Amino acid sequence: ADRRQSIEMLSLAGRIAKDRWAKSANVEESRAAGKNSICYYSQAFDLSGDYFPGINAATMLFAIGERKRSRELAKRIEGICRTIANPDHWCVATLGETFLLSGDYDAAQTYYAKAAEMAAGRFGDLASMRRQLRLLERCVDLPDNFIDAVSIPAVAAFLPAMGSGAGDGGSGASPEEAETLEGRLSAVMLGREIGFAYCSVSSISEILFLEAMQSRGAETNVVLPFSRDEVAGACIGVFGENWVDRFYGVVDGADSVEVATREGHFGDDSLYGYARRLAGGYAELRASHLEADLHLLTAADDERKFDSHLPSAMRRKARYFHSVATNRGGSPIASATGLNTSETGAMREVRTMIFADVVGFSGFSEESTRSYVEFLGEIADILNTSPQRPLLQNTWGDGLFLVFANAVDAGVFAISLLDTIRTTDWSAKGLPPETNIRIGIHTGPVYPANDKIIARRNFFGTCLL
């Protein structure tokens, strides 16, 4: 009934189908999704006459091999764009796309470069342009580095290997060692346009990295392993007051600061690796969202130490990997493997917890409650047959508490649980037809310990849900 709303909904449906086309590994499913996308975008274009759904329809026609129709529609879109008196960056980028579809790469690159200049600083818009170019790369033989016409500053994560090098160093780091590492970091970053930086701060090398990034005007994002003052005392104070002041300087100057755990250090050195993995993960997500290059930097006296505390998958996803050599080992961060060296501190493990409860359970009748107990048996069957077995499973009332070794296993199981909920005929099982379940998932450090109340191993900690 609402024409404008219809245009928006059809365009969104076209975008969803386009995403299915891009992600499908099955040729028939991919082509069907491409045709659906064209159908939705074409309807939106017919209703609106707007270049946005029109150019998307033209691009999807090109993607599924209907090049003649694609170029005819692109020519119409070019005409529409040229009638706009004061075109914005989207309109200029659309002109670039029309020339790309017609094979005029020089004109296309000129328009894309102009659109990028007009959208300077609007990183979400620039990322959308780059995402569309990535899609076109799949079906158009673009010239080398064509996508760089729409440039976005790179994302960098600095993740020093634990137990290595100046700046993680022993009973103290000499000015000469710090100066040497600072020079090597600067040399690695020389000539690289890095706009977004991520790291933890529990060593001198990380302070030096953040100082370098902040001096260049980059956005800096910090993940502390525990509270700021405790990091200053436990990690930085050994190097002297000058380094403590510099630590507070980079933290105060950061654009965002996150504390990885609300709980304290308590001698548990595994928290350093956890904070660094979070920083690396945030960098990877930001680079993916922005369609930007990802640089991983490490400081190590042995490059193999880098892989000892970060997943190799993260290194594979980085476009660039830089290892900055250091001259000596030793670390107040006691172990490269994250093992706890404190005699009194309890060792935490990073685990993923699922908390689930049935919506409206308190309103169930007594008969429904009996049926719910039978439903728990079905969940037990899922647990018993699932390849993703939890380390701990427990219930109380309508609640489920499950602990998994990692986030992937927990996520796969949660999807299986949701599928069961969606496909179950609740009325046939004596439960209200609207029966549903809420699922919360948290990953973080927890204490594994023997629970004397239930006489088995349990997990304890603070969850940020």
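Contact here means heavy atoms within 4.5 Å. The structure is a predicted model, in which local features need pLDDT of at least 70, side-chain atom pairs count only at pLDDT 80 or more, and totals for chains, interfaces and linings use all residues. Residues are numbered from 1 along each chain as its sequence is written, and side-chain values use heavy atoms, with hydrogens and water left out.

The protein chain has 16 helices and 11 strands. Both are DSSP runs numbered from the N terminus: helices are H or I with at least four residues, strands are E with at least two. Of its 465 residues, 48% count as buried. Buried means under 20% relative accessible area, exposed means over 50%, and partly exposed lies in between (1.4 Å probe, protein chains only). Among contacts in the protein chain with a separation of 6 or more, 71% join residues 24 or more positions apart.

Glu182 sits in helix α8 (residues 175-189). Its relative accessible area is 34%, so Glu182 is partly exposed. Not counting residues up to four places away in sequence, Glu182 touches Leu208, Glu211 and Arg246. The C-alpha atoms of Glu182 and Ile207 are 9.7 Å apart in space, while the two residues are 25 apart in sequence.

The nonpolar cores were examined next. A nonpolar core is a set of buried Ala, Val, Leu, Ile, Met, Phe, Trp, Tyr and Cys residues joined through side-chain atoms within 4.5 Å. The largest one has 62 residues, and Leu100, Tyr112, Leu133 and Val155 touch the most other members. Helix α3 (residues 51-63) gives the largest share of this core, eight residues. Another core, of 38 residues, lies apart from it; Ala156, Phe158, Leu181 and Leu210 are among its members. Leaving out residues up to four places away in sequence, Tyr112 touches Ala93, Gly96, Glu97, Leu100, Leu133, Leu136, Phe146, Ala149 and Val150.

Helix α1 (residues 3-23) has 21 residues, which should span 30 Å at 1.5 Å a residue; its end C-alpha atoms are 30 Å apart, in agreement. The expected span is 1.5 Å times one less than the number of residues. Ile7, Leu10, Ser11, Gly14, Ala17, Lys18 and Trp21 are buried in α1. Seen down the helix axis, the buried residues of α1 fall within an arc of 125 degrees, so they line one face. The arc is that of the directions from the helix axis to the C-beta atoms. An α-helix has 3.6 residues a turn, so residues three or four places apart point the same way. The face of α1 turned away from the buried side carries the exposed residues Met9, Leu12 and Lys23. The cover over the buried residues of α1 includes α2 (27-48), α3 and α7 (123-137). Ser30 is found in α2. At 10% relative accessibility, Ser30 counts as buried. Beyond its neighbours within four places in sequence, Ser30 is in contact with Trp21 and Ser24.

Aromatic rings were also paired. Rings of Phe, Tyr and Trp (its six-membered ring) pair if their centres lie within 6.5 Å; planes under 30 degrees apart count as stacked, over 60 as edge-to-face and the rest as tilted. By this rule there are nine aromatic pairs. The rings of Phe123 and Phe196 have centres 5.2 Å apart and planes at 80 degrees, so this pair is edge-to-face. Phe123 lies in helix α7 and Phe196 in strand β2 (residues 194-200), so the pair ties together parts 73 residues apart in sequence. Phe123 is partly exposed, at 27% relative accessibility, whereas Phe196 is buried, at 3%. Phe404 and Phe413 form a tilted pair, with 5.6 Å from centre to centre and 35 degrees between the planes. Both Phe404 and Phe413 are buried.

Helix α12 (residues 270-290) has 21 residues and reaches 31 Å from first C-alpha to last, close to the 30 Å expected at 1.5 Å a residue. Its buried residues include Tyr272, Tyr274, Arg276 and Leu290. Glu291 follows α12. Glu291 lies in the loop between α12 and β5 (294-300). Its phi is near 55 degrees, a positive value in a residue other than glycine. Glu291 counts as buried, at 18% relative accessibility. Asn145 also has a positive phi, near 60 degrees. Asn145 lies in the loop between α7 and β1 (154-158). At 54% relative accessibility, Asn145 counts as exposed.
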